[in-house]
Amino acid sequence: MPTTAPAFSDATASDSALRRFLHGLPGVDAVGLEARAASLGTRSIKTTAKAYAIDLAISMIDLTTLEGADTPGKVRALAAKAVNPDPTDRTTPRTAAVCVYPDMAATAVAALAGSGVKVASVATAFPAGRAALDVKLADVRDAVAAGVDEIDMVIDRGAFLSGRYLKVYEEILAVKAECARADGTDARLKVIFETGELSTYDNIRRASWLGMMAGADFIKTSTGKVGTNATPANTLLMLEAVRDFRAQTGVQIGVKPAGGIRTSKDAVKFLVLVNETAGEDWLDNHWFRFGASSLLNDLLMQRQKLSTGRYSGPDYVTVD
Amino acid sequence: MSDNRLSVFKTYKLYVGGKFPRSESGRVYEVTDSKGKWLANAPQSSRKDARDAVVAARKAFGGWSGATAYNRGQILYRIAEMLEGRKDQFVREVAEAEGLSKSKAAAVVDAAIDRWVWYAGWTDKIGQVVGGANPVAGPFFNLSTPEPTGVVTVLAPQKSSFLGLVSVVAPVIATGNTAVVVASADSPLPALSLGEVLATSDLPGGVVNILSGRTAEIAAPLASHQDVNAIDLTGADAALAKELETAAADNLKRVLRPQPVDGAADWTADPGTHRLTAFLETKTVWHPTGALGVSGSSY
């Protein structure tokens, strides 16, 4: 079982100690945070820098399909797109991963074998997370057994909001344990906070630290299934958290904003946030991801615009 | 008291996606009347404004082309009604822009309003005129129906700032296309005011998008844009028209070349239907009837 970074063994000793630690984190200046996120969004990224940003953003996408109507055919189509996003231009980078429900994981793994594109599966009764712990763990076990590279879990927001932080913490530890494979390696664990349901920036900061202390490899904003998803402000806050966590413990954690990022312009703004907050070390798809589906088409259209000089249109990318 | 009152100048803005943005570039240019006296500053659109307008027009296309022809006719007629109520403003703007007397400008505005009514009537009739049942040598119903081309870029006439504008925009949207309109470069004010009328006429946002600025600068990215289906070159001079038609060939845009009347100031002639049919595609459906004559049926 993975252990907590020693620096935090005191903080996680009991529910009250954990609460003391999390409530002892500095409060978030909401106005300042939003102003900072907005001001970083005004950077003008042009020409070669834009081309670099677009390719980087494509390589960071977790191409996602999480619909009740998903079929193996759709997952295979998405996998083909992840490997070869723009068939008219072979220089287009591959996406980082394909993200599916656990029952589609085996299909995705088979479709992506040998491509270098990873398979991520949501688990733990995604998106609500309202199921018994056994059920959640079985969900994770299935996905890991299907051969996925990454697990996207949701935290128990009900427990978090009612202050039972240790329950959330232990649940993440338990899921992390299920991520272990027979050969001794681990599937990387992304912990989704569903920031839209956490109400305050203070809560997002607390959840970030809680997740990181429990051994998350990635902290992720949201499921994409509620009204408010990734915003520049909540992503900035989480980037500050991973930066501070590394400064304190030496452990680097990834960040994944998900949901609501649809245009290249938005994606580039997030990349600016990453560079200015966490730093260049995070400008890599091992440490930063976009959870998105329609974003890829917009990036491809922008890429076509840069290479041909003409504005492209939706007729020149796939209908997903 | 009225002597001391400060002037309240109007800020002319673009009309894109049902909203009134300034140019993304932040630029404006001076618009003068026919004698060179300053009238107002108009937004000088950039290629990004053109791109945004195409996105808005594409978004609006499904709803507008899917609306019933009858409903489109009602909305076009509503535009005429709204214009009638703001006639004084348009008479003034047209008189200033084109150097006409008030009575001549009033006649031009009346003609423009009547043109909306003319095209409003055509929306649910053009299908019968250019579509229909085709006789074929086999047991099939064979039916052709006109369908809108898609997103149409319209370069409005340079001289006739209002009647000419209406005469090129109305036929494009009457059949269910959506339009990105580049207003007359020197006299854009009536076009920008028309946006305010369209916004209050039940016309869904994005069906008509109006840009002002230098025609060549805005038209070039629109002509090469892969998501624009057709371009009306009315407001382009011969050299520009040639250049744009070349760029438009890339994705096989339908092109309407400048017509003999287009450069003229007088657009009062009977418009006919050629501008309606210029931006229509024909869909033909074959439907088997079974062997004719069997069981006495002859359909």
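Tutor: Happy to! A word on terms to begin with: two strands pair if DSSP finds at least two bridges between them. Please keep in mind that this is a predicted model. With that in hand, look at chain B, where three strands form an open sheet in the order β3-β4-β10, with antiparallel pairing. Its edge strands are β3 (132-133) and β10 (280-288) of chain B, each of which pairs on one side only. In general, strands of a sheet pair through backbone hydrogen bonds, either parallel or antiparallel. Here β3(B) and β4(B), the latter spanning residues 140-148, run antiparallel and are joined by two bridges. Within this pair, S144(B) of β4(B) is the residue opposite G132(B).

Now for the wider setting. An unreviewed UniProt entry carries the annotation "domain: Aldehyde dehydrogenase" for residues 24-255 of chain B.

For another strand of chain B, turn to β7 (residues 208-211), which contains V208(B). V208(B) counts as buried because it has 31 C-beta neighbours inside 10 Å, and the cut-off for buried is 20 or more. Leaving aside residues up to four places away in sequence, V208(B) touches V169(B), I173(B), A179(B), V181(B), L198(B) and L203(B).

Conventions:
Residues numbered from 1 in each chain as written. Chains lettered and ligands numbered in written order. Predicted model: local features only at pLDDT ≥ 70, side-chain atom pairs only at ≥ 80, totals over all residues. Helix = DSSP H or I, 4+ residues; strand = E, 2+ residues; numbered from the N terminus. UniProt positions renumbered as here; feature names shortened; annotations may be inferred. Buried ≥ 20, exposed ≤ 12 C-beta atoms within 10 Å, placed from the backbone. Contact = placed C-beta atoms within 7 Å.
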